[in-house]
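User: Could you take me through this protein? I would like to begin with its core.

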Amino acid sequence: MAASTMFTCVCGVQKKTSNHWVLAKITRNGVLFLPWDWTLAVSDDIIVLCGERCSVALLSKHLGEWKQAALSNTALEPCPAID
Ligand SMILES: [Zn+2]
């Protein structure tokens, strides 16, 4: 793996080897959080996050968007409960 590859979090922090970074992927159905993986991290559709704080921030942002979507789609049937 190229050591020169730089990863920058949405907050502007650049990855160092000791950081506990995580990955996130926006999918059609929501947000998927993944443990750090160098191979995945270079993918165009992967968001690199410097840690829990930025992961929570990303999650909060999407929860807000989902809430807005839910309010504008009140005619939709509620999802059946998962046993
Ligand atoms: Zn960050």
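**Core and fold**

Analyst: Six residues form the largest nonpolar core: Cys9, Val22, Ala24, Val48, Leu49 and Cys50. Strand E1 (22–26) and strand E3 (46–49) each contribute at least two residues of this core. A nonpolar core here is a set of buried Ala, Val, Leu, Ile, Met, Phe, Trp, Tyr and Cys residues joined through C-beta atoms within 7 Å. The model is predicted: local features need pLDDT of at least 70 and side-chain atom pairs count only at pLDDT 80 or more, while totals for chains, interfaces and linings use all residues. Residues are numbered from 1 along each chain as its sequence is written.

User: What share of the 83 residues is buried?

Analyst: Buried residues account for 7% of the 83 residues. A residue is called buried if 20 or more other C-beta atoms lie within 10 Å of its own, exposed if 12 or fewer, and partly exposed in between, with C-beta atoms placed from the backbone.

User: How many helices and strands are there, and what pattern do they follow along the sequence?

Analyst: The protein has two helices and three strands, and the pattern along the sequence is β-β-α-β-α. Both kinds of element are DSSP runs numbered from the N terminus, helices being H or I with at least four residues and strands being E with at least two.

User: What is the strand order in the sheet?

Analyst: The three strands form an open sheet in the order E2-E1-E3, with antiparallel pairing. E2 and E3 are at the edges with a single partner strand each, so one side of each has no neighbour in the sheet. From one strand to the next, the twist averages 30°, where axes are lines fitted to C-alpha atoms (for helices, over the stretch in contact) and angles run from 0 to 180 degrees between N-to-C directions.

User: How many bridges join E1 to E2?

Analyst: Five bridges join E1 to E2 (residues 31–35), and the two strands run antiparallel. Strands count as paired if DSSP finds at least two bridges between them. Leu23 has Leu34 of E2 as its bridge partner, and Ala24 stands opposite Phe33 in E2. The hairpin of E1 and E2 has four residues between the strands, and Gly30 there takes a positive phi near 160°.

User: Let us stay with Ala24. Is Ala24 buried or exposed?

Analyst: Ala24, in strand E1, is buried because 20 other C-beta atoms lie within 10 Å. Setting aside neighbours within four places in sequence, Ala24 is in contact with Val31, Leu32, Phe33, Ile47, Leu49, Ser55 and Leu58. Contact means that the C-beta atoms of two residues, placed from the backbone, lie within 7 Å.

User: And where does Phe7 lie?

Analyst: Phe7 is in the segment before E1. With 19 other C-beta atoms within 10 Å, Phe7 is partly exposed. Beyond neighbours within four places in sequence, Phe7 is in contact with Gln14, Lys15, Ala41 and Val48. Phe7 and Cys50 are 43 residues apart in sequence, with 9.2 Å between their C-alpha atoms.

User: Changing topic, how many residues does helix H2 have, and how many of them are buried?

Analyst: H2 (residues 52–71) has 20 residues and reaches 28 Å from its first C-alpha to its last, close to the 28 Å expected at 1.5 Å a residue. The expected span is 1.5 Å times one less than the number of residues. The number of buried residues in H2 is zero, so the helix lies largely in the open.
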